[in-house]
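Subject: Structure for you to look at

Hello,

Here is the structure I said I would pass on. Please open it beside this message; my notes follow below.

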Amino acid sequence: MTGRRRPTTTYVDARNIDALSTSNQRNTRPINRRPPPQFRRHIHRNSQLLIAQLSLFSMPPSGSLANIIRSSSPAAAANLVSSSAWTLRRFIISTSTVFLRPLSVLSTISSSSASTTTLFSTNNIMTASNTIAFANPSPSAIAGPPSSEGSGRAPTKNGNILNKIASWRPSARTFSFSNARKRTFSISSVPSFISSSSSQSDDCSDVVAGQQQSRHFSNTSSRGNDNNNGSIGGSKLSSNRAQAAIKLLPSYLIDARAITQYSPATPEGALQLSVAENQLSELPVGGLVGIEESTQAGGIATVGKKDMRLVDVLSQLASSNIARPSDDGARAMHVFERDMVYYQPTQGVPGLRQGMADYLQSLLLPSSSVKFNPENIILGAGCNAVLENLCMVIANPGDAVLIPTPYYAAFEFDLVARAGCHIVPVNTFNHHDDDVPSCRVPIPPEFYYPNRSSLDRAYDRAAEETGRAPRVLLLSHPNNPLGICYPPHVVQECIDWCREKEVHLISDEIYAGSVYRKERNDGGGETFVSAMALGSTTSNSDGLGLGPYIHLVYALSKDFALSGLRVGVAYTENEEILLPIQKLNDLCQISSQTQLLVERMVTANAVMENDDNKSQKKFVDVYLKSNQDNVRDRCDTLQSCLDELKIPYLNADSGLFVWMDFREFLPSLPSDTTEAMDSLESKEQRERKLYLSLMKEYGLLFTPGMSMRNERAGFFRCVFTAASGDEFELGLVRLRKFVEEMRR
């Protein structure tokens with residue numbers, strides 16, 4: 001390209017800012033210093049330096065700029081800086097403070113001529129008329145002198161630069177400021193709230209992660225309480241981060257907690273059919289009479305009662321004194337061993353990782369020649385914990401995570417609250433050839449499938465909102481809340497797209513053991529094929545051959561209803577993130593006693609009644625088959641009721657729920673507005689009215705679809721396993737009453 005001068009980039013160390021100012025006189029070519037070699041590879045992707053593009057002109061011929069400013073009156077100092085002495089065009093703030101020098105923010109400029117105020121300290125970085133720059137303050141810097149009023153807040157009436165500074169408090173690590181368009185933004189030294197911008201604009205809005213009004217990055221008013229003792233946001237008792245975490249919770253949860261729920265003592269209460277729990281796990285496992293624990297010395301059978309339940313098996317295993325499966329069996333085992341009180345491997349004990357690898361092999365790759373490598377398994381306290389850790393090591397704060405809609409509402413908390421990711425929904429309805437059917441006509445499952453067109457659109461939207469390419473595509477497969485599996489060709493298309501775009505694909509397969517219809521309704525073969533099977537290759541002898549961009553998360557919370565044990569699994573063959581994710585797992589390890597219990601469970605064999613063949617069957621396989629039968633029977637009962645009432649739904653094949661279409665019961669739209677034209681605010685209001693009516697008037701607590709970012713209002717997720725048998729039957733009675741009264 002010709003006719004355009006390449007911008008000069010200077011890597012600024014604040015310790016040398018004075019030397020930089022004195023060595024550059026008018027018409028002197030700016031310094032162009034390359035960063036140290038150990039930092040060069042981090043400049044664009046995971047920056048650990050403060051990078052600034054500076055146009056240096058009108059510099060004082062001699063002396064330190066900081067000293068000149070110090071010796072000037074506040075008004076003159078403001079005028080000097082705002083007269084384009086230094087123009088900071090763009091900056092990137094580090095996602096880590098490891099290599100940042102102790103830089104202080106701008107000291108306050110007092111409007112009172114009687115006060116003595118320092119605009120810059122020795123280690124300050126510059127600010128200019130169109131932007132504000134700051135970096136992580138050192139303890140000495142943030143303890144610097146406040147203004148004469150004692151609030152530490154900069155006045156906002158002297159010069160352009162003062163109008164840029166909305167607030168500064170000496171002990172704060174979060175700073176808010178306003179740009180010329182009167183929009184207020186908040187930037188924090190905490191990595192979760194900082195991201196770089198790829199925009200070339202001088203507007204301050206370009207440096208804020210995500211959208212201006214994104215719910216993930218709260219806008220902070222510049223008119224906060226001045227007497228906060230350094231706290232931004234007005235509270236001395238909690239942080240901004242604490243308040244932001246609450247705002248990430250779906251609003252329907254607040255409604256659900258406020259309502260009286262059903263119990264024998266409150267029979268008029270609302271039936272809880274919105275939490276993805278499985279009370280069917282309390283049913284007996286037909287024919288199971290005992291457990292044979294596996295050891296390296298052989299199996300030891302313990303016979304219990306007939307038709308044991310899952311809780312009976314766990315009680316028996318928890319009290320076992322048989323050598324753990326991974327031991328050589330040479331020593332006796334106590335219920336609680338001496339070495340269990342000490343630190344354990346952060347990624348999980350070797351025996352459980354091997355047992356989990358064997359279990360996942362049986363569940364996800366039963367006929368494959370490639371094998372899960374236990375060294376690539378990380379065990380953590382629940383699926384949300386390992387998912388958050390996985391996103392933290394493959395994405396920077398502010399990076400976009402693409403999720404096809406509708407999606408599990410809690411993803412917004414799990415990926416935003418601490419990891420600081422920016423969620424971009426992948427809408428699919430407008431990327432198929434046919435129009436979306438009207439109410440009372442079922443929407444085919446194909447409308448919910450992501451394809452290249454929808455992924456490309458979401459990719460572009462993420463780039464617009466964050467200033468850079470998205471880092472993650474998160475698939476829920478089998479899907480929550482739809483209760484269906486993506487066909488293999490859909491998952492394969494997503495895998496190919498991710499590899500081409502160098503986007504990480506995380507397949508959340510937490511319901512993989514709850515697929516209760518094994519063959520597809522359209523005759524297209526198996527209902528569920530894991531992304532691990534579709535993404536693997538036979539060329540790698542040590543693992544699945546997934547490459548660095550395909551990852552798995554799983555947990556025992558759904559298939560085994562063991563959400564209280566907090567056992568989650570992440571699997572990755574990206575060697576660059578294995579050590580970081582293991583270290584992050586320090587914060588969410590599973591207790592040693594729980595790991596021993598789960599190791600016994602996943603390796604134990606089932607003792608079946610009248611099993612003359614003495615064939616060995618894994619307990620987990622026997623239990624999952626029994627549970628799948630129970631879930632399918634319950635689902636068939638609900639879908640038969642919906643057929644009877646002529647309510648459209650997705651024909652479920654997996655998970656614990658059915659996706660129901662209640663659009664016909666929504667408040668009416670204006671005569672000149674179609675469903676496709678309906679605004680987001682209108683959709684949310686109309687669906688909320690229906691949701692509250694179902695909950696308060698009919699005692700039915702479903703999950704509203706708009707809370708899961710569905711593209712149309714009026715859809716609800718019914719968790720049919722969340723109730724006991726009697727409660728489920730009562731729910732059907734209430735559902736019939738609702739439909740009959742609404743159609744009168």
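This is a predicted model: local features need pLDDT of at least 70, side-chain atom pairs count only at pLDDT 80 or more; totals for chains, interfaces and linings use all residues.

Salt bridges

Asp 629 has a salt-bridge partner in Lys 625, with 2.9 Å between the closest N and O atoms. Lys 625 is also partly exposed, its relative accessible area being 49%. Both residues belong to helix 18 (residues 619-644), and because they are four residues apart there, about one helical turn separates them.

How many salt bridges does a search of the whole structure find? The search gives 21. Another of them joins Glu 412 to Arg 709, whose closest N and O atoms are 2.7 Å apart. Is Glu 412 buried or exposed? Glu 412 counts as buried, at 4% relative accessibility. Arg 709, with a relative accessible area of 22%, is partly exposed.

Glu 675 and Arg 712 form a salt bridge as well, with their closest N and O atoms 3.9 Å apart. This pair links distant parts of the chain, 37 residues apart: Glu 675 is in the loop between strand 18 (657-661) and helix 19 (680-698), and Arg 712 is in the loop between strand 20 and strand 21. Glu 675 is partly exposed at 28% relative accessibility, whereas Arg 712 is buried at 11%. Both residues belong to a network of salt bridges that also includes Asp 661 and Arg 663.

The sheet

Strands in a sheet pair through backbone hydrogen bonds, and the pairing can be parallel or antiparallel. Here, seven strands make an open sheet with mixed pairing, in the order 9-15-14-13-12-10-11. Strand 9 (377-380) and strand 11 (422-426) are the edges, each pairing on one side only. From one strand to the next, the twist averages 20°.

Strand 9 runs antiparallel to strand 15 (residues 568-572), and four bridges join the two. Across this pairing, Leu 379 stands opposite Val 569 in strand 15. Helix 16 (residues 575-584) packs on the sheet and touches strand 9, strand 14 (550-555) and strand 15. The direction of helix 16 makes about 20° with that of strand 9.

Regards

Key: Residues are numbered from 1 along each chain as its sequence is written. Side-chain values use heavy atoms; hydrogens and water are left out. A salt bridge is a side-chain nitrogen of Lys or Arg within 4 Å of a carboxyl oxygen of Asp or Glu. Buried means under 20% relative accessible area, exposed over 50%, partly exposed in between (1.4 Å probe, protein chains only). Two strands pair if DSSP finds at least two bridges between them. Axes are lines fitted to C-alpha atoms, for helices over the stretch in contact, and angles run from 0 to 180 degrees between N-to-C directions. Contact means heavy atoms within 4.5 Å.
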